[in-house]
Amino acid sequence: MQDGRAPRIKNRAPAAIQITAEQLLREAQERQETAFRAPKQRVEDFEELHEYRGRKRKEFEERIRRTRGSIKEWLQYANWEASQNEFARSRSIFERALDVDPRSVQLWLSYTEMELKSRNVQHARNLFDRAVTLLPRVDQLWYKYVYLEELLQNVPGARQVFERWMQWEPDDKAWQAYIKLEERYQELDRASSIYERWVAVRPEPRVWVKWGKFEEERNRFDKAREVFQTALEFYGDDEEQVEKAQAVFNAFAKMETRLKEFERARVIYKFALSRIPRSKSAALYAAYTKFEKQHGTRNTLENTVLGKRRIQYEEEISHDGKNYDVWFDYARLEEGAYRDLKDEGSTQEELDAAIGRVREVYERAVAQDYPRTRQIYQTAIQLVPHKQFTFAKLWLMFAKFEIRRLELPAARKILGTAIGMCPKEALFKGYIDLEVELREFDRARTLYEKYLEWDPSNSSAWIKFAELEAQLQDFARTRAIFELAVSQSPLSMPELLWKAYIDFEVEEGERQTARALYERLISLSGHVKVWISYALFEAEPIPLPRAEREEEEEEEEEEERKMVPGDVDLARQVFERGYKDLKSKQLKSERVALLEVWKTFEQNHGGPEDVKKVQDMMPIVTKKRHVDQETGQTVEDWDLVFADDERESNPTSFKFMQMAHAWKQAQAKNAAGGGSSSLLSGFTAASATKASEEDESEEEDQDQDQDVASSDEGSGDEE
C-alpha cells in the first residue's frame with residue numbers, strides 16, 4: 001500500500017455465505033428511515049393565527065438572512081404574505097427583494113402578477129412602467145405591459161407603450177405586434193406609418209415585402225408599387241445588392257401577376273435575372289419559369305431551360321430507372337412543352353413531334369408492365385385516407401385501366417368500392433357515364449337512384465336522370481322524375497330544374513302542362529324573368545303533341561315538322577298579370593324590365609295602338625328633394641314615377657298634369673303643325689276619350705286649373 005498499488009488478496013476462495021445484489025437492495029430499503037412529515041396544524045382563533053404568522057415570518061426572515069441573494073426565498077416569502085391577504089407586507093418584501101436584485105425579470109413578473117391577482121391594476125401599471133424603464137431590452141415585460149393595457153380596453157395607452165418601446169428599436173416581432181394591434185382596431189393608416197418606421201430602422205428585404213403585401217391586401221395597389229419601387233431604389237443596381245433583394249423582386253413580380261400586369265412582371269423578372277448570376281438566382285429563375293409557363297408564350301422561354309431539364313431527367317433515369325417520380329416529372333415537362341406549342345399556334349409537324357416525345361416518355365416508363373401498374377394503383381388507393389378525403393380521379397383512372405385490360409367486372413368493383421367508401425359527385429358521374437357508354441341503362445338508373453339518395457338537392461343530377469329517361473323514350477318516368485325533383489325542399493339552383501322541366505314539356509308539345517308549370521313557378525317565386533318567359537311562351541309556336549306528330553311523320557316523312565302557333569292575346573294577358581303582380585309588390589325596376597320586353601313584343605306582334613298603350617305605361621325619371629334627418633341638408637334623389645301609381649295615389653294632381661300635357665300638345669300642333677315629345681308622355685292617354693268629349697268652356701276652366709296645379713306641384717312644363 002505504501003507504493004500506491006492495490007493490496008494483494010491472499011485468500012481467493014468464495015465466502016461461506018453468499019449475498020446477492022437483490023438481497024442488498026432489499027435490506028437497504030427495509031432499513032431506510034421514513035421521511036419526516038410536518039404535522040398538520042389547525043388554527044382555531046386569532047391568537048393562534050398571530051402566533052402562526054409570527055413563527056412563519058421569523059422562519060422566512062432567517063432564511064433570507066442566510067441566503068440573501070436567493071430570489072426563490074424572497075418570492076416564497078412575498079407570495080405567502082399575499083396568500084394571507086397581507087398585501088402591504090407582500091409589497092414591502094418585493095421592494096426589499098428588488099433592492100437586492102433589481103434586474104431580476106422573474107421578480108418583476110411575480111410582483112406584477114401578485115398585484116393583478118389582487119386586482120390592484122394601477123399598482124401593476126406603475127410596476128410595469130418601472131420595470132420597462134429599468135429593463136428596456138426585456139421584451140417579455142413590454143409584451144405583458146401592452147397586453148394589460150389592451151385587456152383594459154385602453155388602446156391609446158397600449159399605443160403609447162408601443163411608442164416608448166419602438167424608441168429602443170426592438171426586434172421584428174415587436175414591430176409586428178404593434179402593427180397587428182393597429183390592424184385589430186382597423187387603424188390601417190397608422191399600421192402603414194409603422195411599416196415605414198420599421199423599414200427605416202431595419203431596411204431588410206423581408207420587411208419591404210411585408211409592407212408591400214400589407215398595402216396590397218388593403219387594395220392600395222399604387223401604394224404597394226411605390227413601396228416596392230422605393231425598395232429597389234434603396235438597393236440600387238449593384239450586383240451584390242440586387243442579389244440581396246431577390247425576395248423583393250420576386251414579391252413585386254408576383255403582385256403584378258396577381259394584378260394581371262403581366263408585362264410589368266416580366267420586366268421585373270428580366271431586370272433582376274440580368275444582374276444576378278445564374279448560380280445565385282435559382283429560386284428567382286424558377287419563379288420566372290413558372291410565370292412564363294402560366295402567362296407567357298413559347299418564344300419567351302429560354303430554349304436552354306427545356307434542354308437542360310431534359311438532360312437532368314435523363315441522368316436521373318439512367319441512375320434509377322424505377323424512380324417513377326422522375327418519370328412523372330419528365331412526362332409533365334413534355335406535356336407542358338406540348339401545351340405551350342399548341343397555345344402558340346405552332347405548325348402540325350411541331351405538335352406531332354411534341355406528342356411523340358410525350359408518348360415516348362410514357363412508353364419508356366410503363367414498358368407494358370401491367371401487373372406493376374395495377375400494383376401501383378392499389379398501393380396509392382391504400383395510402384389515401386378515404387374516410388377523411390379521397391381523389392375521384394385516382395379511382396376513375398384505375399377503373400379505366402381495368403377497362404382497357406378488358407376487365408369490366410374489376411372496373412365495376414373498383415367504382416362500387418369507391419362509392420361505398422367515399423361517395424363523391426365525380427365518382428357517380430364517371431360510373432354513370434361508363435354504364436351509359438356500355439348501354440347498361442338499368443345499371444345507370446340504379447346509380448342515379450343511389451346518387452340522388454346521397455345528394456337529393458343536386459339539380460343537375462335530377463336533370464341528367466330525366467334526360468336519360470327522355471332519350472330512352474320513357475316519358476312517364478321523365479315526368480315522374482321531374483315532379484319528384486321539384487318537390488325537394490332544399491335544391492341547388494332550382495331555376496335550372498324548372499327550366500329543364502318546362503323545356504321538356506314544350507318539346508313534347510304539351511302547352512297546357514307547360515302553362516300549369518309556369519303557374520306553379522309563379523306562385524312559388526313570382527320573379528320578373530318568370531313572367532317574361534311565361535308571356536313569350538304563350539306567343540311562341542311549339543311543336544305538335546308527340547302522338548299527333550308520330551301519326552303525321554308516318555304519312556309525310558320528308559316535310560318539315562309542323563308547329564302549333566301561339567296566342568298573342570294570352571301573352572298580353574300574362575304581361576298584364578305580371579305587371580299588376582310586380583306593381584302590388586312595389587318593384588319598380590322589375591316593372592320597367594317587364595315593360596321593355598312587353599314593348600318589344602308589341603312592336604313585333606301588335607299594332608301602333610298596342611305599342612302606344614305600353615309606351616304610355618312607361619315611367620318617367622323625376623328628381624325629388626327631401627331633408628335628410630341625420631344631416632339636416634336637402635338631398636336630391638332620382639325616382640321612377642309611373643302614371644298609374646300617380647293616378648291612384650294623387651288623382652287630383654294627376655288630372656291637372658294630364659290636362660296640362662294635353663294643352664301643351666295642342667299648342668305645339670298649332671305652332672309647328674305636329675306633336676312633340678315631352679317628359680310627361682307617360683301621363684297621356686289615361687283619359688283621352690273623356691278629354692275629347694268635354695266642351696270648349698270646360699277646357700278653358702281646365703287650362704286655368706293647369707296653371708294652378710303646375711305652380712302648386714312645382715313641376716310645370718317648359719315652353
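Buried means under 20% relative accessible area, exposed over 50%, and partly exposed in between (1.4 Å probe, protein chains only). Helices (H or I, at least four residues) and strands (E, at least two) are DSSP runs, numbered from the N terminus.

This is a predicted model: local features need pLDDT of at least 70, side-chain atom pairs count only at pLDDT 80 or more, and totals for chains, interfaces and linings use all residues. Residues are numbered from 1 along each chain as its sequence is written, and side-chain values use heavy atoms, with hydrogens and water left out.

**Helix 29**

Helix 29 is largely enclosed by the rest of the structure, because 9 of its 12 residues are buried. Among them are W531, Y534 and F537. E538 is buried too. The buried residues pack against helix 27, helix 28, strand 1, helix 31 and helix 32.

**Helix 31**

Helix 31 is one of the packing partners of helix 29. Its buried residues include R572, F575, Y579 and K583.

At the start, a side-chain oxygen of D567 comes within 3.1 Å of the backbone nitrogen of D569. Just after helix 31, Q586 has a positive phi of about 60 degrees.

**Spans**

The expected span is 1.5 Å times one less than the number of residues.

| Helix | Residues in helix | End-to-end C-alpha span | Expected span |
|---|---|---|---|
| Helix 29 | 12 residues | 17 Å | 16 Å |

Key: Contact means heavy atoms within 4.5 Å. A polar contact is a pair of N or O atoms within 3.5 Å; within protein, one must be able to donate a hydrogen and the other to accept it, and residues adjacent in sequence count only if both atoms are side-chain atoms.
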